Amino acid sequence: MDAEQIVTHASITAKPFFESRGYRAVFQQHVIRHGVVLTNYRMEKYRPPAVQNACS
């Protein structure tokens, strides 16, 4: 079974929170909302596959 990829789009403020939980910034994005340019980051991490229980 392959590792599961988890993706989020984090604000500048939230970026350290996600980094502390194992996410890495893949790239920076700029979006415009009501004429204001906001910077956020596409972040991802991989969760290892679950270990199968031998007794199953």
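Among the contacts in this chain between residues at least 6 apart in sequence, 51% join residues at least 24 apart, where contact means heavy atoms within 4.5 Å. The model is a predicted one, in which local features need pLDDT of at least 70 and side-chain atom pairs count only at pLDDT 80 or more, while totals for chains, interfaces and linings use all residues. Residues are numbered from 1 along each chain as its sequence is written, and side-chain values use heavy atoms, with hydrogens and water left out.

The chain holds one helix and three strands, and read along the sequence these elements follow the pattern β-α-β-β; helices (H or I, at least four residues) and strands (E, at least two) are DSSP runs, numbered from the N terminus. Of the 56 residues of the chain, 16% count as buried, a term that stands for under 20% relative accessible area, with exposed meaning over 50% and partly exposed the range in between (1.4 Å probe, protein chains only).

The three strands form an open sheet in the order β1-β3-β2, with antiparallel pairing. Because β1 and β2 stand at the edges, each with a single partner strand, one side of each is left without a neighbour in the sheet. Strands of a sheet pair in general through backbone hydrogen bonds, either parallel or antiparallel, and here two strands are taken to pair if DSSP finds at least two bridges between them.

Strand β1 (residues 4-11) is joined to strand β3 (residues 36-47) in the antiparallel sense over eight bridges, and within this pairing His9 has Arg42 of β3 as its bridge partner. Strand β2 (residues 24-33) likewise pairs with β3 in the antiparallel sense, over nine bridges, and Phe27 stands opposite Arg42 in β3. β2 and β3 form a hairpin with two residues between them, and His34 lies in the loop between these strands. His34 has a positive phi of about 55 degrees although it is not a glycine. Most residues other than glycine have a negative phi. His34 is also exposed, with a relative accessible area of 85%.

Strand β3 also contains Glu44, which is buried, with a relative accessible area of 7%. The side chain of Glu44 makes a polar contact with the side chain of Gln5 at 2.6 Å; such a contact is a pair of N or O atoms within 3.5 Å, where within protein one must be able to donate a hydrogen and the other to accept it, and residues adjacent in sequence count only if both atoms are side-chain atoms. Leaving aside residues up to four places away in sequence, Glu44 touches Gln5, Ile6, Val7, Gly22, Tyr23, Arg24 and Val26.

The structure holds two aromatic pairs, and rings of Phe, Tyr and Trp (its six-membered ring) count as paired if their centres lie within 6.5 Å, with planes under 30 degrees apart called stacked, over 60 edge-to-face and the rest tilted. Phe17 and Phe18 form an edge-to-face pair, 5.2 Å centre to centre and with 85 degrees between the planes. The rings of Phe18 and Tyr23 have their centres 5.2 Å apart and their planes at 85 degrees, so this pair is edge-to-face. Phe17 is partly exposed at 44% relative accessible area, whereas Phe18 counts as buried at 18%, and Tyr23 is buried too.

Another ring, that of Tyr41, has the charged end of Lys15 sitting over it, 4.9 Å from its centre; a charge sits over a ring if NZ of Lys or CZ of Arg is within 6 Å of the ring centre and within 35 degrees of the ring normal.

The segment after β3 includes Ala50, which is exposed, with a relative accessible area of 58%. The C-alpha atoms of Ala50 and Glu4 are separated by 9.5 Å, although these residues are 46 residues apart along the chain.
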